[in-house]
Amino acid sequence: MSTAAHNNPGTWPVLQYSARAALRLLLRRGPLGRSEMARMLGVSRANLTRVTRELLAAGLVREGPTELRSAMGRPVELLQTVPDAYHFVGVKITGEALYAVVVNLSNVVVASLESPLRSREPVDVEEVVDEIAVILDSFGARFNDIAGLGIALAGTISGPPEHEIVYESTYLGWDGVALADLLRVRLGLPVTVGNEVQALTLTESLSMQGHPGDVTMALVTVGVGIGVGYVIDGALIKGASGRPGRLNHLIVDPQGPLCDRGHRGCVASYLTNESIAKNSGFENYDQAIVAARAGDASAVRAFVGAGRALGDLLGTVVNAVDPGVVILTGDGLALHEIAADAIGDGIARTRAWNAGQFTLDVRAFDFSEWARAAAVMSINLALTTGRGR
């Protein structure tokens with residue numbers, strides 16, 4: 001296994017705050033004219049000229065085509081980002097494997113790989129660090145401009161940027177692991193570690209149209225576990241101790257089944273894959289899916305109960321933060337196919353009569369998307385801190 005630091009990594013330039021704000025705007029909105037940018041950023045044309053000069057010198061933006069931006073105006077020369085100026089690596093850690101991707105500045109995946117893990121619960125930390133070093137070596141052979149690494153996993157993440165500590169990662173068997181420091185020292189790269197649901201929530205919010213400060217959304221994941229993430233007025237909500245969105249044990253039926261923590265009738269007692277299998281009387285979730293699709297009464301009943309519990313959770317989220325969009329994803333999406341009506345019933349019985357309208361956006365699940373979200377965290381760190389190495 002590799003023990004050397006990643007060879008020839010890219011060094012993210014040190015940028016002033018106004019330059020980072022301009023770059024974030026271009027990455028979010030696409031090519032813009034200088035007058036348009038100055039207005040959106042609330043700066044003078046003279047200040048914007050200095051900012052764009054800094055970004056051009058760093059190779060992060062370039063002059064784009066000339067375009068007519070309004071019916072009455074003159075053609076303007078657009079500024080646009082250089083997506084492949086730098087690349088970032090994202091890794092999603094599960095109890096069985098590492099899923100890794102390389103993305104460019106436009107959050108587009110340009111390379112990916114999967115690396116199985118030998119150890120099982122607890123997953124050996126040294127093995128993970130070693131395997132990530134191998135992954136970086138592999139990607140580094142193709143990209144000599146890798147400027148950062150993001151890690152996404154299940155658990156509570158606490159601590160300042162680039163020094164995050166992993167707590168309560170049940171599926172990995174970790175508690176108090178300073179993963180960011182271990183990787184930063186080993187690889188010589190800026191490293192950020194985040195909760196997978198929060199990472200995906202941030203990524204989805206950045207893809208939404210409109211001004212960044214206008215976005216209010218929620219993301220709910222269902223499957224092996226249950227996760228909720230929030231973005232309010234463009235800001236990812238992290239919580240005072242890194243624990244936002246803990247709605248797993250919201251009580252939906254005091255007479256319901258017991259969850260693994262001894263709560264009767266909470267969301268988790270109905271909604272996790274394990275609970276659906278248990279409540280249906282089948283050995284595992286996959287068997288329960290097959291049985292429900294075939295019309296087995298016990299399996300259908302378990303999925304309907306899970307659907308109502310999910311609806312209750314979604315209605316609670318809508319009441320709490322008034323999101324314009326709620327994204328639903330995860331490895332338990334068969335629930336939406338089998339029990340869509342029950343989900344709607346749960347939302348209707350829980351959502352306040354005067355709550356705002358929202359769109360439920362169901363997204364297919366893919367481990368590589370979690371890895372891309374980890375890479376986006378790394379890009380976001382570079383854009384918000386402005387530090388090179």
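Student: Is the crossing of α1 and α2 left-handed or right-handed?

Tutor: The crossing of α1 and α2 is right-handed; a crossing is right-handed if the near helix is turned clockwise from the far one by less than a right angle, and left-handed if anticlockwise. The model is predicted, with local features needing pLDDT of at least 70, side-chain atom pairs pLDDT 80 or more, and totals for chains, interfaces and linings using all residues. Residues are numbered from 1 along each chain as its sequence is written, and side-chain values use heavy atoms, without hydrogens and water.

Student: Why is α1 called roughly perpendicular to α2?

Tutor: The axes of α1 (residues 17–29) and α2 (residues 34–41) come within 11 Å and cross at roughly 110°. Angles of 65 to 115 degrees count as roughly perpendicular, so α1 is roughly perpendicular to α2.

Student: What makes the pair of Tyr99 and Phe367 stacked?

Tutor: Rings pair if their centres lie within 6.5 Å, and planes under 30 degrees apart count as stacked, over 60 as edge-to-face and the rest as tilted. The centres of Tyr99 and Phe367 are 4.5 Å apart and their planes are at 15°, so the pair is stacked.

Student: Why is the pair of Phe365 and Phe367 edge-to-face?

Tutor: Their ring centres are 5.0 Å apart and their planes are at 75°, so this pair is edge-to-face.

Student: Why does Tyr99 count as buried?

Tutor: Buried means under 20% relative accessible area, exposed over 50%, and partly exposed in between. Tyr99 has 17% relative accessibility and therefore counts as buried, whereas Phe367, at 29%, counts as partly exposed.

Notes. Axes are lines fitted to C-alpha atoms, for helices over the stretch in contact, and angles run from 0 to 180 degrees between N-to-C directions. Helices (H or I, at least four residues) and strands (E, at least two) are DSSP runs, numbered from the N terminus. Angles under 35 degrees count as roughly parallel, over 145 as roughly antiparallel, 65 to 115 as roughly perpendicular and the rest as oblique. Rings of Phe, Tyr and Trp (its six-membered ring) pair if their centres lie within 6.5 Å; planes under 30 degrees apart count as stacked, over 60 as edge-to-face and the rest as tilted. Buried means under 20% relative accessible area, exposed over 50%, partly exposed in between (1.4 Å probe, protein chains only).
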